[in-house]
Amino acid sequence: MESVKRVDDLDEIEVRDPVSAPDAEGRPRRTTRRFPLFTRDTARPEGGGRAAPSDAPAPARQWPVLAVLAMAGLGLLLTALDLFRVGILLLGVALLVGGVLRWLLPDVGMLAVRSRFTDIVTYGGLGLVIVLLALMVQPNPWLVIPFLKDTLHFTVSN
């Protein structure tokens, strides 16, 4: 079995493959295009850089995630103060704003969790669902979708 390499032999191999990632000391570790069985490090998501220059204070560098968290925190506070519909609506809008910021800005700091596409779909989808549910919550919904009532009567019959 000559094709199987030991871990000790990896230090002696020069890797020129663009997929290989260097370890903490800067030496390339992966010798094939095959994904490793165990992940030992993680790559920053696309757009995961600083949203402000490095000489700016820490809160200014992470302003996109702080803006979304402030909106979400205000929504939770309003919900706790018995303004349920407005608070949950603000929580959904905060997620939608997070998706828009992820889409428009090249660097969003810690708001970038996964790839840009996955973050936009996740923030946007969850935000849209929360906003729609907040608009349809009983009593006196602000948004009435007629076929939902018929669907409920059809599925839950005596």
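This is a predicted model: local features need pLDDT of at least 70, side-chain atom pairs count only at pLDDT 80 or more; totals for chains, interfaces and linings use all residues.

Contact here means that heavy atoms lie within 4.5 Å.

**Packing of α2 and α3**
- Helix α2 (residues 63-80) packs with helix α3 (residues 84-104) at an angle of about 170 degrees, and their axes are 6 Å apart.
- Because angles over 145 degrees count as roughly antiparallel, α2 is roughly antiparallel to α3.
- On the α2 side the residues of this contact include Trp63, Met71, Leu74 and Leu78, and those they meet in α3 include Phe84, Ile88, Leu91 and Leu101.
- The residues of the contact of α2 with α3 divide into 17 nonpolar and 4 polar, with no charged residues.

**Helix α4**
- Helix α4 (residues 116-136) has 21 residues and reaches 30 Å from its first C-alpha to its last, which is close to the 30 Å expected at 1.5 Å a residue.
- The buried residues of α4 are Arg116, Asp119, Tyr123, Gly127, Val131 and Ala134; seen down the axis of α4, they fall within an arc of 70 degrees, so they line one face of the helix.
- What covers these buried residues of α4 includes α3, whereas the face of α4 turned away from its buried side carries the exposed residues Phe117 and Leu133.

**The loop residue Gln62**
- Gln62 is found in the loop between α1 (58-61) and α2, and it counts as buried because its relative accessibility is 19%, with buried meaning under 20%.
- Leaving aside neighbours within four places in sequence, Gln62 is in contact with Val108, Gly109 and Met110.

Note on methods. Residues are numbered from 1 along each chain as its sequence is written. Side-chain values use heavy atoms; hydrogens and water are left out. Axes are lines fitted to C-alpha atoms, for helices over the stretch in contact, and angles run from 0 to 180 degrees between N-to-C directions. Helices (H or I, at least four residues) and strands (E, at least two) are DSSP runs, numbered from the N terminus. Angles under 35 degrees count as roughly parallel, over 145 as roughly antiparallel, 65 to 115 as roughly perpendicular and the rest as oblique. Ala, Val, Leu, Ile, Met, Phe, Trp, Tyr, Cys and Pro count as nonpolar, Asp, Glu, Lys and Arg as charged, and the others, Gly among them, as polar. The expected span of a helix is 1.5 Å times one less than its number of residues. Buried means under 20% relative accessible area, exposed over 50%, partly exposed in between (1.4 Å probe, protein chains only). The arc is that of the directions from the helix axis to the C-beta atoms.
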